[in-house]
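Please consult the sequence and the model first.

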Amino acid sequence: MKRTTRRKEILLKGIAMLLIVILATATCWHETGTLLASGKVDSESATVQSIMDKTATPGVAILSASKGKTEFKTYGYADKEQRRPVTAESLFELGSTTKAFTALAVIMLQDQGALAYTDDVSQYLPEFAPTYKGEKVKITINQLLSHTSGIPSWSIRLIPEGSDKEQLATTIHKMSSLALDTQPGNEYQYATVNYDILAAIIERVTGMSYQDYVTQQILKPLGMNDSYFSTGQERKPEQLVQGYRVFFGKSMAYDAPRYYGNIAAGYLVTNLKDLQHWVNAQIGSGEVPDNLRKAIQQSHKPDLSTAGHEAENQFYAFGWSQDRETRVIRHSGSNPNYSSQAIIDPERKEGVFVLANLNSTAPTLIAQNIYDQMQGQPMKTFKYDDTYILIDGIGSLLVVLTVIGIAFKLIRLAGGRSDFATEKGIRRQKIKARVTLLIRALLLLFMLGWPLLVNYNYNMISVWMSYSVLLWMGLASLSCVLSMILAGRNWRSL
């Protein structure tokens, strides 16, 4: 009887595993095949489409400029469900490539004598009083510009959700007594809130809202008339592309929360037609007001003694990552449901700007390939190094494995105990049950607490990461609880 019950349990487990594997494979068959297939690089369009397929990116808009000639290319959908294609007028959130606009506003104010790069931030924001090793320290404007303020990268999780104008002040308040990671000016550490603090300084100096000042002093003079800063009240919703998020290898429509407190670091909304004016201004083409032209030229010539040192010959200053040898400037951008990449060579008068409606490395891979092609270099195949796709892939696999484990545990709970210990093994079974209880309890604590260990929180995970990560966390916690129930039942029955 005991052997028959055991065989029945094994059979049920096998059937459950087979059904789950078949279901998961059928659901992601196309995505798995696309990811594993070798990508094509025999033409620009083939390369772009291959990268889009492998990163599950629905739509891409590309601007390339060379020696006064600008070209637009668009791929995929602004809205998959409505089958609305991406066009040159389609509006995307830029993400962190917004920072170059903020830095340019600071340069213009410095040129006007309204502020100086060496000014202490507290001179404009008395409420801002960060500490290093328990002591209050001074942070200068140029340290914010170069990400050498000592503010930790994880501080992004302190930015409150919301679209009202008070959110910028709330963000500064949350940062006011922040403990810095390093002494200001000593080390480079990219922290998006540096540029939100700059926005608050711009508002104090000008008496205007940040977005109004940048719109009047930069966007309008450059002819970027479709561009605006996203606050949740979209100016041209019919032109705004739908943002997406990856889940089980597929892109799903995702309306991410708004963070007005992060407006200066990631929430400029624009399109290819407007970016044409921005890129041409960077390479010295087109009609640009003298004060803007001067400020743009300054933004390409950082003071290496104050710039953030990213790597050998690579420095961060004025909203750009700058190569000391080639003089090429670049920046990537990521919002929860959009991404972008700019690569500009002012000396060769060449530039590429790529926009996407999914947070992925697709814009970076595409922009680099197109820029390499401009230099006469061959395009490169996809290297499976997209962090977001890898996280989703790992999370999806863990979900499948965890579901299988949960199915087994539910079968055991429903079928009752089939492996009662003999008198000889009763002590060993008790020890095994206790160890299982302990291990599963520790795993449950880890599942609930790991975000805190890496200075994340559940809100950051829910906003930025794949749904598969959240699903796995929930299922893994359930699996731990079921294991504890089984171990407890076995212990009590011995």
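This is a predicted model: local features need pLDDT of at least 70, side-chain atom pairs count only at pLDDT 80 or more; totals for chains, interfaces and linings use all residues.

Residues are numbered from 1 along each chain as its sequence is written, and side-chain values use heavy atoms, with hydrogens and water left out.

Q: How do you know which residues the predictor places with pLDDT under 50?
A: pLDDT is the predictor's confidence in each residue, from 0 to 100. The value stays under 50 over residues 28-34, whereas the mean for the protein is 85 and 85% of its residues reach 70 or more. For residues 28-34 the model has six contacts (heavy atoms within 4.5 Å) beyond four places in sequence.

Q: What makes residues 99-111 count as helix α4?
A: Helices are DSSP runs of H or I with at least four residues, numbered from the N terminus. α4 has 13 residues. Its first and last C-alpha atoms are 18 Å apart, close to the expected 18 Å, where the expected span is 1.5 Å times one less than the number of residues. Glycine 113, with a positive phi near 85 degrees, follows α4.

Q: Why is α4 called mostly covered?
A: Buried means under 20% relative accessible area, exposed over 50%, and partly exposed in between (1.4 Å probe, protein chains only). In α4, 11 of the 13 residues are buried, including Lys99, Phe101 and Met108. Across the 494 residues of the protein, 53% count as buried.

Q: Why do β4 and β7 stand at the edges of their sheet?
A: Strands are DSSP runs of E with at least two residues, and two strands pair if DSSP finds at least two bridges between them. The open, antiparallel sheet has the order β4-β10-β7. β4 (92-93) and β7 (228-229) each have a single partner strand, so one side of each is left without a neighbour in the sheet.

Q: What is the helix content of residues 388-408?
A: The span is 100% helix and 0% strand, with end C-alpha atoms 30 Å apart. The unreviewed UniProt entry annotates residues 388-408 as "transmembrane region"; such annotations may be inferred rather than shown by experiment.
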